[in-house]
Amino acid sequence: MDAALPEALRAAIERRLEGQGRAGLAQRAQALSEGYRGGRASSALVKGQADALAYALTRTPATYAAARRALDEVLALRPGFDPSDLLDVGAGPGGGGWAALDALPGLSSVTRLDHSPAFLDLAEDLAAAGPAPLASAARLRADLADPALSPPEADLVLAAYALTEIPAAALPGLVERLWSATRGLFLVVEPGTPEAWRRGLEIRTRLLAAGARLVGPCPHEVACPLAAPDWCHFAQRLPRGREHRLAKGGAAPFEDEKFFWLAFERPVAPAPDRSAGRIIAPPRPGKPGVRLRLCQPDGRVEDVEILRRNRAVYARARRLGWGETFDPEGPQ
């Protein structure tokens, strides 16, 4: 998939950069990066429009790319999913909403939920030239950790890079409230770190106990077979524009965003096909063939080598990447 920002969003960010001192933006971007790595939440880091803009420049491309990749994987499992409305939880500058509209052009209404007026203001400004549902999105300012929060219902509830910032004690209640607001599908996208995945497992366990059906990425609903120091995550490559590279102080024209995703649905539709395993590590090509590490439908993690002499299966396997599904008995 093309992980580049939509042209309208890229142009809107560049328009906001006009007249901004690049050195100051780079310093703010560095401070944000160090703060997030240190476990600080956006509420403690984003104090105004300059901070929000630095975040949009340096993090929105990755947030967009990871959310779009997760949505594409969901649609591969649920090709008929066609929601009308979106609740964008912890919307930030709006990258997740842009990804949702790109993947699901049938969306007709969007609600952005965030604690930060700086983020909400910037998201509105960036979306002004975007698709109509984004340009006219409803705005809801609220603290996600507030137990009094009552999110509006939506067919698709998207929490992209939002839940890892919630205090641990507040996370169970928030997850329950977001699931209650979900009419169709609840999608969580988070950084691909061990700590974020540990929280992801808590969300997975809680929602399965609440009666949710797991759509993916796991091809099963039994306990996760991975044990520390291993953890489940994926990677999405995305291009870096000139301003992005300058703000991050790097020369590479791309970066690889590590992330994970979890999707849950109301169990009213037919159960998803669970015949394929999920590739949970970079494929390892070699002379005999290609080795895939698969999370299998029976709940096992298995290293499978697809030999070159098995031409039809090898031809499919060699084209697959980290995070995709593979069924050796699938269509040739």
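Mentor: Gladly! Let's begin with a term we will need: a residue is called buried when its relative accessible area is under 20%, and exposed when that value is over 50%, with partly exposed in between. Keep in mind that this is a predicted model.

Trainee: How much of the chain counts as buried?

Mentor: Of its 332 residues, 51% do. The chain has twelve helices and 13 strands.

Trainee: Now the charged pairs. What is the general idea, and how many salt bridges does the structure hold?

Mentor: Side chains of opposite charge can pair when their charged atoms come close. This structure holds 26 salt bridges.

Trainee: Which residue pairs with R213?

Mentor: Its partner is E265, with the closest N and O atoms 3.3 Å apart. R213 sits in strand β6 and E265 in strand β8, so the bridge ties together parts 52 residues apart in sequence. Apply our cut-off: E265, at 5% relative accessibility, is buried, and R213, at 14%, is buried too.

Trainee: And where does R237 find its partner?

Mentor: In strand β8 again: R237 of strand β7 links to D256, 19 residues away. Their closest N and O atoms are 2.8 Å apart. Here R237 is partly exposed at 47%, and D256 is partly exposed at 39%.

Trainee: What about a pair within one helix, such as E202 and R198?

Mentor: Those two are four residues apart in helix α10, so about one helical turn separates them.

Trainee: Which residues join R183 in a network?

Mentor: D85, E153 and D155, linked with R183 by salt bridges.

Notes: Residues numbered from 1 in each chain as written. Predicted model: local features only at pLDDT ≥ 70, side-chain atom pairs only at ≥ 80, totals over all residues. Heavy atoms only, no water. Buried < 20%, exposed > 50% of the residue type's maximum accessible area, 1.4 Å probe, protein only. Salt bridge = Lys/Arg side-chain N within 4 Å of Asp/Glu carboxyl O.
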